[in-house]
Amino acid sequence: KGGTFKGVFREELERFLGWTVKEKIEIDNEQLIDYRFTKNSQSSNLFCRTDISLSIGSQIKYMNNEFLSATNCLELSLHQCGREKCISSKYISFDPLPYHILHYVVSGKGHLKVDGKKYILGKNNLFLVKANTSLDYYPDKDDPWTYMWIGFDGTMANIYLNMMGFNEQTQVIKITDGAEVRNLFEQLIAHYQDFAMLDIKCLGLAYQLIFESLDHFPSKKQPA
C-alpha cells in the first residue's frame, strides 16, 4: 500500500498540516486510510492529539479532536446515536446504562414494557429509556418498526426531559408533526457517521431536537 501517497502529495500534506506521517492503518469497511501525525514544532498545540482520516480520494475526511468532542460536556453530554430497521424477531432486554436513551419511531410499530406497563408504539412516538433503568422493547411481528436514538446525560438532562414531557409516570410521548424532529435525528446520525465522533455540531443538533420536542408546544404533542 506504500504507493497510495505519492511523494509530492505527502510533502504538500505535511506542509499543509505541519505534521509528519507516522503510521498508516487501513479501515476496510469505511474504505478510509487513517493517518496519525506527529507534531512538528510549528504545529498548534490545539491539534497535537488529533487523528485525521483521509479518503482514498486523498481528501480530508474528518478531524477528531478532544476539544470538539461532546462526550464530556457539563450540561448536556452525548454518548451514542444510531438508527435501526428491526427484524420482526428482535427482542431487546435493556440493561441499565448510566445515561438516558431517547428513541424516535420513524415507521412501523413496536412494543415497550416498563414498570409493569405495556405500550404499543408507532410513527412519531418518542420513548425514553431512563438512566439506570431496565426495560424490554421489541418490534411488531407484522409491521416491525424503524427507530433512531440518542444517548445523553448532563446536569441539565433531567430538566430538559421534564420540559419535553417525560417524568416518573411518562416515558412515552407522541408528536403530531415529527418532520423536524426526524430531520434533526437524521442530520445528527449522518454527521456522526461521516466524522466518527459525537462533536459540538452533534451537540447543537441535540439541543435543536430537544427544543422541537418541548412540552410548551402543545400543537406538536399529544398523549401517547
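**Charged pairs, a loop and a sheet**

Mentor: Let's start with a charged pair: arginine 83 and glutamate 186 join their side chains in a salt bridge, 3.6 Å from N to O. Keep in mind that this is a predicted model.

Trainee: How accessible are arginine 83 and glutamate 186?
Mentor: Arginine 83 has 42% relative accessibility, which counts as partly exposed. Glutamate 186 is also partly exposed, with a relative accessible area of 30%.

Trainee: Which residues are linked in a network of salt bridges?
Mentor: Arg83, Arg182 and Glu186 are linked that way. The side chains of arginine 182 and glutamate 186 form a salt bridge at 3.0 Å, N to O. Both of these residues sit in helix α3, four residues apart, which is about one turn of the helix. Arginine 182 is partly exposed, at a relative accessible area of 29%.

Trainee: How many salt bridges does a search of the whole structure find?
Mentor: Four. Another one of them joins the side chains of lysine 90 and glutamate 84, at 2.4 Å from N to O. Lysine 90 is partly exposed at 25% relative accessible area, and glutamate 84 counts as partly exposed at 23%.

Trainee: Changing topic, where is asparagine 124 found?
Mentor: Asparagine 124 is in the loop between β9 (117–121) and β10 (125–129).

Trainee: Is asparagine 124 buried or exposed?
Mentor: Buried: its relative accessible area is 10%, and the cut-off for buried is under 20%.

Trainee: What does asparagine 124 touch?
Mentor: Leaving out residues up to four places away in sequence, asparagine 124 touches Tyr104, Val105, Ile173, Lys174, Ile175, Thr176 and Gly178. With tyrosine 104 there is also a polar contact of 2.5 Å between the two side chains.

Trainee: Now cysteines. How many disulfides are there?
Mentor: The count comes to zero. Take cysteine 81, which is in no disulfide: the nearest cysteine sulfur belongs to cysteine 202 and is 6.0 Å away. A disulfide needs the two sulfur atoms within 2.5 Å.

Trainee: Is cysteine 81 buried or exposed?
Mentor: Cysteine 81 is buried, with a relative accessible area of 12%. Cysteine 73, at 25% relative accessibility, counts as partly exposed.

Trainee: Last topic, the sheet. In what order do the four strands of the open sheet come?
Mentor: The order is β6-β11-β8-β9, and the pairing is antiparallel. The edge strands are β6 (92–94) and β9, each of which pairs on one side only. From one strand to the next, the twist averages 15°.

Trainee: How many bridges pair β6 with β11?
Mentor: β6 and strand β11 (residues 135–139) pair in the antiparallel sense over three bridges.

Trainee: Which residue in β11 is the bridge partner of phenylalanine 94?
Mentor: That partner is leucine 135.

Trainee: Great, thanks. Could you sum up the charged network for my notes?

Note on methods
Residues numbered from 1 in each chain as written. Predicted model: local features only at pLDDT ≥ 70, side-chain atom pairs only at ≥ 80, totals over all residues. Heavy atoms only, no water. Buried < 20%, exposed > 50% of the residue type's maximum accessible area, 1.4 Å probe, protein only. Helix = DSSP H or I, 4+ residues; strand = E, 2+ residues; numbered from the N terminus. Polar contact = N/O pair within 3.5 Å; in protein donor to acceptor, adjacent residues only side chain to side chain. Contact = heavy atoms within 4.5 Å. Pairing = 2+ DSSP bridges. Axes fitted to C-alpha atoms, helices over the stretch in contact; angles between N-to-C directions.
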